[in-house]
Amino acid sequence: MKQNLFVYNTLTRQKEEFKPLNAPHVGMYVCGPTVYSDVHLGNCRTYISFDLIFRYLTHLGYKVRYVRNITDAGHLEGDAGDEGEDKISKKAKIAQLEPMEIVQKYTVDFHEVMSIFNTLPPSIEPTATGHIIEQIELVKQILAKGLAYEVDGSVYFDVEKYNSTTDYGILSGRNLEDMLNNTRDLGGQEQKRGKLDFALWIKAKPEHLMQWPSPWGMGFPGWHLECSAMSHKYLGEQFDIHGGGLDLVPTHHTNEIAQNVACCGKSPARYWIHTNMLTVNGQKMSKSLGNSFLPHELFTGDHSLLDKGYSPMTVRFFMLQAHYRSTLDFGNEAMEASEKGFKRLMASVALLDGLKQSATTDVDVELLSNRCYEALNDDFNSPVLIAELFEASRIINSVNDGKMKIDEVNLQRLKILVKTFVFDVLGLKDEQAANDDLPKLLSFIVSLRSEAKVNHDYATSDKIRQGLQQIGFQLKDSKEGTTWSKI
Ligand code: AMP
Ligand code: ZN
């Protein structure tokens, strides 16, 4: 199935067969979050989409090196411009904390959210501040190629000069004229030779909290530079996949390509994959528009736009029910439908192990299996895959009701197929089963404690009681035995 994977490449604006440069190895770089505030659900959609891609490539047998950075310096407020305060410094000043306290808090928070959504950690998670030396090196190389210039301690990329030999708008498909005519004045332009030039290195004012020495004086790197430097360091001059949200195409990724080509003569990634936006009433979910949900608000239902809360796996299922290149509009009705669908799918998965085999079969699992692979081989089309899994669910229910027969071979195939795609590839978890396991686990611990008491080992029995208390469970001893409750 490997050879049949097709992915949509933003660079060529078409679906292309996926051929890694160095199979079975695959290098994938995804732009990570700027850790200055809580990740919202839109950010989560992008990382859940790449988690599906990572999981499927791994399932196909590729050895994927997945690099996703943490932006902990250099991302200025305006996003596209070189003016404004560093997002992290600003937050640090307001909260009267060290910038690294802000970084730590929101990195931990991001990891927690990613884990709640059952996304796998990347292979390497480098930070911008951990790669200042590499970024300075890159600036030096671009300067040496004559494609950047220094003005009073800041260094800018010369877009028009670069574009005279290489197409600057190759990723967005826009030409320079067009860009020049349609770019609003972003501020911080005084020192620049051209309107589209962007900062590689920015001179720091004395009060700027995060600054480093460089050949051009004290300063900090431009936002786009970190991804060029870190993808180069961990994946080489050229690697297979570069990804991020679609909003990164016109500026961040366009500039990344320009930087890598300017320094090394090569476009960094062969396939550029972009995820579409999570919207609310048709508008991009974003913090600045005030329409963003935090994951925990969605889980608890504590938000004015929500009728009730939804479990993390319902949210993940909801996101995977849309193709990653389509916009996905958030709404109570759609969430409600996903909740029902997810429960229905999980209910049939739970029946799998108890299904009885027959001597004959009405089911051909190979056909179903081919259709599941075809779905994901067509640019990771998860909604089509989920539709096929509902077909599997229909079969499971029919076999369970005795309306269909399945033989041993097909039953084994069906179990493997469904569990592989539901758990390993889509990354869903059976939340009900996890809830059912807790009472079993606690009963087991309580029985160990009772055993210790019978053996007069009161030290152990007290340790267990106190340990459970610390994590929120209270034990109550009575003549009938020991019961537990949540504190
Ligand atoms: P940031 O922390 O702002 O750099 O964003 C982290 C990632 O989330 C980027 O890849 C963005 O493209 C992506 N992103 C931001 N808003 C949304 C949204 N509403 N839907 C999907 N992805 C988003
Ligand atoms: Zn990036």
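Predicted model: local features only at pLDDT ≥ 70, side-chain atom pairs only at ≥ 80, totals over all residues.
Residues are numbered from 1 along each chain as its sequence is written, ligands are numbered from 1 in the order in which they are written, and side-chain values use heavy atoms, with hydrogens and water left out.

**Exercise 1. The interface of domain 1 and domain 2**

State how the chain is divided into domains, and describe how domain 1 meets domain 2.

Step 1. The chain comprises domain 1 (6–275), domain 2 (279–433) and domain 3 (435–486); such bounds come from an automatic or database domain assignment.

Step 2. A distance of 33 Å separates the C-alpha centres of domain 1 and domain 2. In contact (heavy atoms within 4.5 Å) are 30 residues of domain 1 and 40 residues of domain 2.

Step 3. Buried area is the accessible area (1.4 Å probe) that two parts lose on being put together, summed over both. Between domain 1 and domain 2 this area is about 3100 Å², and carbon and sulfur atoms give 64% of it. Of the area that domain 1 buries against domain 2, L41, R45 and Y56 supply 24%, more than any other three residues.

Step 4. Three salt bridges are counted between domain 1 and domain 2, each a side-chain nitrogen of Lys or Arg within 4 Å of a carboxyl oxygen of Asp or Glu. K15 also forms a salt bridge with D378, with the closest N and O atoms 2.7 Å apart.

**Exercise 2. The zinc site**

Identify the protein donors of the zinc ion (ligand 2).

Step 1. Donors are N, O and S atoms within 2.8 Å of the metal (3.2 Å for Na, K and Ca); water is not among the atoms, so sites may look incomplete.

Step 2. C31 (SG), C227 (SG) and H252 (NE2) are the protein donors, at 2.0 to 2.1 Å from the zinc ion.

Step 3. The spacing of these donor residues in sequence is C-x195-C-x24-H.

**Exercise 3. Two backbone features**

Describe the peptide bond from A23 to P24 and the phi of N281.

Step 1. Most residues other than glycine have a negative phi, and most peptide bonds are trans.

Step 2. The bond from A23 to P24 is cis, with omega near 5°.

Step 3. N281 is not a glycine, yet its phi is positive, at about 50°.
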